[in-house]
Amino acid sequence: EAGVTQSPTHLIKTRGQQATLRCSPISGHTSVYWYQQALGLGLQFLLWYDEGEERNRGNFPPRFSGRQFPNYSSELNVNALELEDSALYLCASSLYGDETQYFGPGTRLLVL
Amino acid sequence: KQEVTQIPAALSVPEGENLVLNCSFTDSAIYNLQWFRQDPGKGLTSLLLIQSSQREQTSGRLNASLDKSSGRSTLYIAASQPGDSATYLCAAGSSGYSTLTFGKGTMLLVSP
């Protein structure tokens, strides 16, 4: 069974640009979660999507947004990139109501 | 707001030693407590999940305990091996929101 996949593995952008990160959940999982792991800050919850709807949001500005498609894959969009957005972005998936989240390998975003 | 703290931040031990990693959380109204492993530049691998009603969980050489009243969890690794070298993260799960609050992790190095 394929695990959670994320693309691209690495992304380099300049300040002010937009970044789009993609995530494909494990087959059958309807929930997708996004986390940011910035140096020195640890993993922080960004967004939770289930059945195409945003269910919960962490303490991040509105320029962090996303969506979930009918096939349950998801996109994370970061607008007006700032230097401090440089981080590893992890996606996880689960069955709705299942506490166990399965994580992908992450996308490393570097903002210059 | 839930806060999770892990001590120590780093730990270096010789192969074969038994060791304990500590995790504390401020809000005892957790849904579950999870331990993850993260290898450098990689995503997270779930190790153990303890439901709020449970006291401990075991998997192979790993044993995790949970004491909600004191806001603490420990991960015990028996007979450590060089392959155990990684960063270990604990995360407190919040009921109803399916979000995880992570500690900053303990970086473990097991030398041959």
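Which strands of chain A and chain B each supply at least two residues of the lining of the second largest pocket? The legends below take up this question first and then turn to other close-up views of the predicted model.

**View 1. The second largest pocket of the predicted model, with a volume of about 570 Å³.** Of the 24 residues that line this pocket, the closest to its centre are A:Gln37, A:Leu39, B:Gln38, B:Thr87 and B:Met107. The strands that each supply at least two lining residues are E4, E9 (87-94) and E11 (107-111) of chain A, together with E9 (86-94) and E11 (106-111) of chain B. Strand E9(B) gives the most to this lining, with three residues, and by class the lining has 11 nonpolar, nine polar and four charged residues.

**View 2. The largest pocket, with a volume of about 820 Å³.** Among the 30 residues that line the largest pocket, A:Leu43, A:Gln44, A:Phe45, B:Lys1 and B:Thr101 are the closest to its centre. Two or more lining residues come from each of strands E4 (31-38), E5 (42-50) and E6 (53-57) of chain A, and likewise from each of strands E1 (4-7) and E10 (99-102) of chain B. The most is given by E10(B), with four residues, and the lining as a whole divides into 10 nonpolar, 12 polar and eight charged residues.

View 3. A:Ser74 is counted as buried because its relative accessible area is 2%, which is under the 20% cut-off. A polar atom of the A:Ser74 side chain lies 3.0 Å from the backbone oxygen of A:Arg67. Leaving aside residues up to four places away in sequence, A:Ser74 touches several residues, including A:Leu21, A:Cys23, A:Val32, A:Trp34, A:Tyr49 and A:Phe69.

**View 4. Positive phi values at A:Tyr72 and A:Ala80.** A:Tyr72, although not a glycine, has a positive phi of about 75°; this residue is in the loop between strand E7 (64-68) and E8 of chain A, and is partly exposed, with a relative accessible area of 25%. A:Ala80, found in the loop between E8 and E9 of chain A, has a phi near 45° and is partly exposed, with a relative accessible area of 42%.

Notes
Residues are numbered from 1 along each chain as its sequence is written. Chains are lettered from A and ligands numbered from 1 in the order in which they are written. This is a predicted model: local features need pLDDT of at least 70, side-chain atom pairs count only at pLDDT 80 or more; totals for chains, interfaces and linings use all residues. Side-chain values use heavy atoms; hydrogens and water are left out. On a 1 Å grid over the protein atoms alone, a cavity is a set of points where a 1.4 Å probe fits but cannot get out, and a pocket is an open set with protein on both sides within 12 Å along at least five of seven lines; lining residues have an atom within 4 Å of a point. Grid points are joined across faces, edges and corners, and a volume is the space filled by probe spheres set on the points. Ala, Val, Leu, Ile, Met, Phe, Trp, Tyr, Cys and Pro count as nonpolar, Asp, Glu, Lys and Arg as charged, and the others, Gly among them, as polar. Buried means under 20% relative accessible area, exposed over 50%, partly exposed in between (1.4 Å probe, protein chains only). A polar contact is a pair of N or O atoms within 3.5 Å; within protein, one must be able to donate a hydrogen and the other to accept it, and residues adjacent in sequence count only if both atoms are side-chain atoms. Contact means heavy atoms within 4.5 Å.
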